Amino acid sequence: MRLLAAVAAVLSLAATAAPAAEPAIPSETIIRSAIDNAIRPGFAAFAVTTAKLRSDVAALCATPSADTLEAARAQFAVTVLAFARVEFIRLGPLGESGRLERLLFWPDPRGFVLKQVQAALAAKDATATDPATLKGKSVALQGFGALEFLLFGSGAESLATAGDPYRCAYASAIAGLDDSIAAEISREWNEEGPDSAVGHMLDPQPDADDYRTPTEVLEKLAGVLIDGTETIRDQRLTPVIGTADGIIKPKSALFWRSGLAVPLIAADFAGLREFFVGARFPEALNAGQHGWVSSGTLFEFDNAARDAATVTDPIALAVTDERQLRALKALSIVTGSLDTLIGDNLAAALGLSSGFSALDGD
């Protein structure tokens, strides 16, 4: 582990032993900053990309060609990477009504997405070509995983020649449905009333089901960061490079067909950094004489960006190259360092309970 991360782990013993203290800047300031500087702009940007994806896939179906297929594929990449920057913000609208699973059914160890999409293609299931009826079907058929196979998987070249109108109609339905979900999420985050997601965060109530105190809101916001690092490690990296039998499995990577496996991880880390800074956690830590937690966290985010940039080949080739494989393993080490810095050190500095990840049921 890098020197600074090791020092952070040692200092965490002293930090966690200190009595709980109020954040050095008001809780309401951190909460409002997270909403205005990270959550709202992140989901707004995502909704812009899904609208363009919907348009580009519709254009592909209307005028099949190599150019329109390339445009749809390129916009798919833009959209997926925009989603990666906000996918860990599972509190509020994204975590409701099965939206997260409808946008991205993952992990998928049994390959439900591939099996169900191939079955729909074979049967030419008409209910999968209309967003209204697709919405009521299996979530494995609705999201970015299914759309990736349609645009990049076996037989996708037929989209450029009008050779498979059903496949294109199904892809267009997914793009339309995902765009409606993204628009709903962004709209709900922009509502300000007492019954809105923002209203609940800014005015927690003792008998509320979601947030009873400002401290609980701060714990959920900090938990977003932990959920993100755990997701990167456990769902993006470990299945590929850390399998129990020691076998490297590049096709276990999310979005390996489209070549987005590593760019996705880089976008995940970038989104977490934007959230950390946007919520003004560094300012709160620095004002409270815990600047080393802030600098250590930013240092590890910089390490993540550098290591991800080292992996320039598609994942199947990257894992065969010693330098790139070492960089992938270093990314996993970064997630562990961030777990300590955020889950232990930031929590103690802001007077929060530690171990607040939503992914493990805590």
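Reader: What volume does the second largest cavity have, and which residues line the second largest cavity?

Author: Rolling a probe the size of a water molecule over the atoms shows where empty space is left. On a 1 Å grid over the protein atoms alone, a cavity is a set of points where a 1.4 Å probe fits but cannot get out, and lining residues have an atom within 4 Å of a point. Grid points are joined across faces, edges and corners, and a volume is the space filled by probe spheres set on the points. In this predicted model, the second largest cavity has a volume of about 40 Å³. Its lining consists of E87, F88, G228, T231, I232, D268 and L272. Two or more of the lining residues come from each of α10 and α11, where helices are DSSP runs (H or I, at least four residues) numbered from the N terminus. The largest contribution, 3 residues, is from α10.

Reader: How many cavities of 30 Å³ or more does the structure hold, and what lines the largest cavity?

Author: There are 2 cavities of 30 Å³ or more. The largest cavity has a volume of about 70 Å³. Its lining residues are R236, L237, V240, I241, A253, L254, A261, I265, I315 and L328. Here too, α10 and α11 are the elements that give two or more residues, and α10 supplies the largest share, 4 residues. By class, the lining has 9 nonpolar residues, no polar and 1 charged. Ala, Val, Leu, Ile, Met, Phe, Trp, Tyr, Cys and Pro count as nonpolar, Asp, Glu, Lys and Arg as charged, and the others, Gly among them, as polar.

Reader: Which residues of α11 are buried?

Author: Buried means under 20% relative accessible area, exposed over 50%, and partly exposed in between (1.4 Å probe, protein chains only). In α11, the buried residues include A261, I265, D268 and L272. A261 and I265 also line the largest cavity, whereas D268 and L272 line the second largest cavity. After α11 comes R280, with a positive phi near 65 degrees.

Reader: How many salt bridges are there, and which residue pairs with R273?

Author: Side chains of opposite charge can pair when their charged atoms come close. The criterion for a salt bridge is a side-chain nitrogen of Lys or Arg within 4 Å of a carboxyl oxygen of Asp or Glu. The whole structure has 19 salt bridges. R273 pairs with D302, at 3.8 Å from N to O. R273 is partly exposed at 32% relative accessible area, and D302 is partly exposed at 43%.

Reader: Which residue pairs with R54, and is each partner buried or partly exposed?

Author: R54 forms a salt bridge with D179, the closest N and O atoms being 3.1 Å apart. R54 lies in helix α2 and D179 in helix α8 (residues 165–189), 125 residues apart. R54 is partly exposed at 39% relative accessibility, whereas D179 is buried at 11%.

Note on methods. Residues numbered from 1 in each chain as written. Predicted model: local features only at pLDDT ≥ 70, side-chain atom pairs only at ≥ 80, totals over all residues. Heavy atoms only, no water. 1 Å grid on protein atoms, 1.4 Å probe; cavity = no way out; pocket = protein on both sides within 12 Å on 5 of 7 lines; lining within 4 Å.
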